[in-house]
Amino acid sequence: MVDAREAMLDELIVQLDAIERECAQVPHPVIAIDDLPAFEGDAAKEFVAHVRGMREQGVEFAIACTPLAGETVRLLSDSAKLTAKQLTVRPREFAEWSRVLAISSKLDVYKLTQGVPALVAALQATVDTMGEERQPLATATCNLYSSVLDELERADDAIRILAETLLLVGSGSLRDFAAAGTPVDMSCLQRLVHDYPVFGYDAATNSFACMGADEGVLQPIGERIAKGMPQIVRRAVRIQVRAGRAGRAVELLDRFLSPTDALHVLSHDPMRFVLSGQAPFINRIVGGSKGLEDQTNADPNLELAVYGAALISGDMRLARTLAGTFAIQAEGLASRVDQHDWEVARALGSLWSSCRGVELPEVSGFAAFSPGSCQDAEALALHERCFRGLIEQGVWTGEVERFLERRVGKPFPLASESVACGIDIPNLLLTCDVLLAEALTGVLGRIDERDSALAALVEPLREQRLLPILNHVRLVCSVRRLLSGTPLVDEQAVVDANTLAVRTSDLSLQLFSAIMEGWQDLTVNQAGSARFRGQQAARLADARHPFLARGAFFLERVASLRSISQLAIREEAGAIDLNRRDVDAEDAWACALYLSAAHCDAELTAWCSLQKDTLFTPSFRLFARLALSVMGEKADALRRMLPRPMLPYYILDVGVVPAPLFDEPDRAAKQEEAVGHITFRMLGGFSIERNGHIITSNIWKRKKTGMLAARLALAQGGLVDRQVLYDEFWPEMDYKHARENLYATVSMLRHSLGENGKDGPQYIVLQGGSIGVNPEFISSDVQFFEKLARIVLLGHVRLSAPKTIELCLRIEQLYTGPLFVPTDGVTTYFQRMKHVLQSKFIDCMVRGIDVALAEEDLTSALWMAEAGLQQDATREDLMRSAMHVYDELGRRKDIVELYGARMQSLEMQGKGGPEPETKRLYREIIERYRLRSIM
């Protein structure tokens, strides 16, 4: 093996001759030359002649070189050659490489490395590409591209410039280059990707993807290019802007170019930056209104950018001021402003037409636009028209889906795909329209991945301070969760949307938000507040808002039904005219709910028969389903009237309670939805699972680590004071040593849970002098048990008898045994919690047995009785419930054994007999059996 890097020709020949002499007696010698220098002219010919001479003596060669040594390669025309592409790892070989190098199967090795062997090797023993494990691959990727640029500096300038541009752009389509006025020379591209197959070029789609571009790995490469040729950075910025990736353009501008360059770019494409949500960048570069005032001859394009940024940021005062300025300058604007930008800005301003003075004037001098030539303006106008038609009239034509199909190739573009490039506001608004229409027209079943993608945009929108767009997205997410029966995670969304609507004088949005807030109030038993909101919305809605007027009426009727007395319900039900024909869905359901709550079963049957078609209007399903859910037992009669095929459309809770509220997700769903989720199992033993798989780290053999994990998990999302932990875990130590031990134990716990720095999930949180687990990533069976027990014992959620029984059976299934109690340290807290949880379990079993006996469900009652006795046979209320069950089943022997065991236990403890109520019940049951035997 000869390492020929930077070797001179004479040195290399001397070394080869020496090797030839050493191998004179070796059969079939092979010399491998690595990193052959780029010899040219006579030097290349001399080297090739020497190699051929040695080959004639029986020596074989294997030579590795870069494309820069192309002249030597061409002179060795009689040799077998392998191109760079042929040396990459093939897709079918990745599995073997991953096995040998211990690379996690979860990683997309080809996407990360494009098959470059050195990069695949850099992934050795890698489980995740986040945190510290990411560094070796990032360094290897950066070094690879640096070496490519080093070689290209000695090659054709056109190829080097193309490579640098590709690296700055990162990924995309080559059509974007042509759109920016810099088309790619295909001959240069073919030579580049042939010699250096590290740019991810796909001829079928005419696209490319550089490795590490999305993770910021190539920043040192960008700094190198910007330092040598800043004009290439300007070209890359122009390509990104024209491709609709203003977010990445802003990154390049901030990192590598001056504010003057940024102003120049912004003035050429002001509305592209606005529609990508780059309001902070615009305000920072231009300086907002103050910056414009400082410019004696302000560029109207920059003013237009600030105007758009003010609109999407919610600064209506600044937008109104600039709109007034444009109105004064209207006559001369046609020659100074691009027509496309002006039409887009006008369409954007029309979204807040209710806010006086923010709309832009018409400008004469522009040519007429042909249809489809300004898709951004069309998209904004379409959103305004369809959104208003949806919330005011309840009308949805599907025009938005067809437009999106033409614009982006799919009717439901997942907005999260564009976050790195900038938020595409027109697409985002249209996507929100589609998702909202599904909810308001009854099409929505359950929330899906589109909701997750939309929710993922909340933080980017908040970071960019795009208040109106943020509130709109949050409103759509909350409405879909509300109408699908999924627990709300952002109760403030409808309130904030209402507040902004008031600020912008948007009456339609005010009414819509008020109605949704009313339904939200109903789900948390605030019927009075919901009724008030329904009355207010009904009073303000007029003929322009028929959908809102009907929605307000239905909300008010349902809220009234929840808050008035049973006598008033019967009076209103008695006043219903069953012969009415001209009723809409809202009125039909309101009447049906009143008849159901009044227990007017005959009238309800007649009403449902007469109004069957109106009641089952598909577009009203979700509101009817929500009303049935919040009405609880008052709607039981109406639920029984529903045809069986219709039940999935109108019943939120399949089984006991709404599955999203109380059901513990199955392992597959948990693994898919929450990668890195930790579950503590502490009932009946102690184990910790990640995504459904038990963590089997040796660290758990350390008692303190497992004990600390259990102690923090028992806090159920709360924080535990460090002093409490010192006293419980190291009571014999002083403060200093206890603190050191706690710090070491927390570090081991973090390591064992897989916490890997700032980039990954943070499982353990430290706040002030307290420690806790992060409830976003950690849950426990105790937490789930407490949630279910609260529902059963407190009665805040109205449950029918069968649902109560089913819920108690699920509690029995979850409570696999007493709470885990460590054997080390001060375990007083664990012992106390063990007793509390066991008592709650017995209380739930007693409650379930009583309800099951009332429903004559003896099988369930027996199951719960025996489960409770297995955990605690000393509770005499449980004992009495079990005796009732055995009595109903005719199992006298079991009653005698149960009572006898209790008597014997009390005698051994030196206590008196059972409680008087237990004695009385036992005597009654035994006497009843005695009389039966006599008879």
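Predicted model: local features only at pLDDT ≥ 70, side-chain atom pairs only at ≥ 80, totals over all residues.
Residues are numbered from 1 along each chain as its sequence is written, and side-chain values use heavy atoms, without hydrogens and water.

The protein chain holds 49 helices and twelve strands. These elements are DSSP runs numbered from the N terminus (helices, H or I, at least four residues; strands, E, at least two). The C-alpha trace spans about 125 × 85 × 55 Å along its principal axes. Of the 935 residues, 50% are buried (under 20% relative accessible area; exposed is over 50%, partly exposed in between; 1.4 Å probe, protein chains only). Contacts are heavy atoms within 4.5 Å. Among those between residues at least 6 apart in sequence, 68% join residues at least 24 apart.

Helix α20 (residues 339-350) has twelve residues. Its first and last C-alpha atoms lie 17 Å apart, close to the 16 Å expected at 1.5 Å a residue (1.5 Å times one less than the number of residues). Nine of the twelve residues are buried, so α20 is largely enclosed by the rest of the structure. Among them are Trp342, Val344 and Leu348, as well as Gln339 and Asp341. The cover over the buried residues includes α14 (259-268), α15 (270-275), α18, α19 (316-328) and α21 (375-393). Asp338 caps the N-terminal end of α20. One of its side-chain oxygens lies 3.0 Å from the backbone nitrogen of His340.

Helix α18 (residues 300-313) also meets helix α26 (residues 467-484). Their axes come within 5 Å and cross at roughly 35° (lines fitted to C-alpha atoms, for helices over the stretch in contact; angles run from 0 to 180 degrees between N-to-C directions). Leu311, Ile312 and Ser313 of α18 touch Leu467, Pro468 and Ile469 of α26. Five of these residues are nonpolar, one is polar and none is charged (nonpolar: Ala, Val, Leu, Ile, Met, Phe, Trp, Tyr, Cys and Pro; charged: Asp, Glu, Lys and Arg; polar: the others, Gly among them).

Four strands form an open sheet in the order β8-β7-β6-β12, with mixed pairing (at least two DSSP bridges between two strands). The edge strands, β8 (693-694) and β12 (778-780), each pair on one side only. Helix α43 (residues 781-794) packs on the sheet and touches β6 (678-681) and β12. Its direction makes about 60° with that of β12. Strand β7 (residues 687-690) pairs with β8 in the antiparallel sense over two bridges. Arg690 stands opposite His693 in β8.

Technical notes: Polar contact = N/O pair within 3.5 Å; in protein donor to acceptor, adjacent residues only side chain to side chain.
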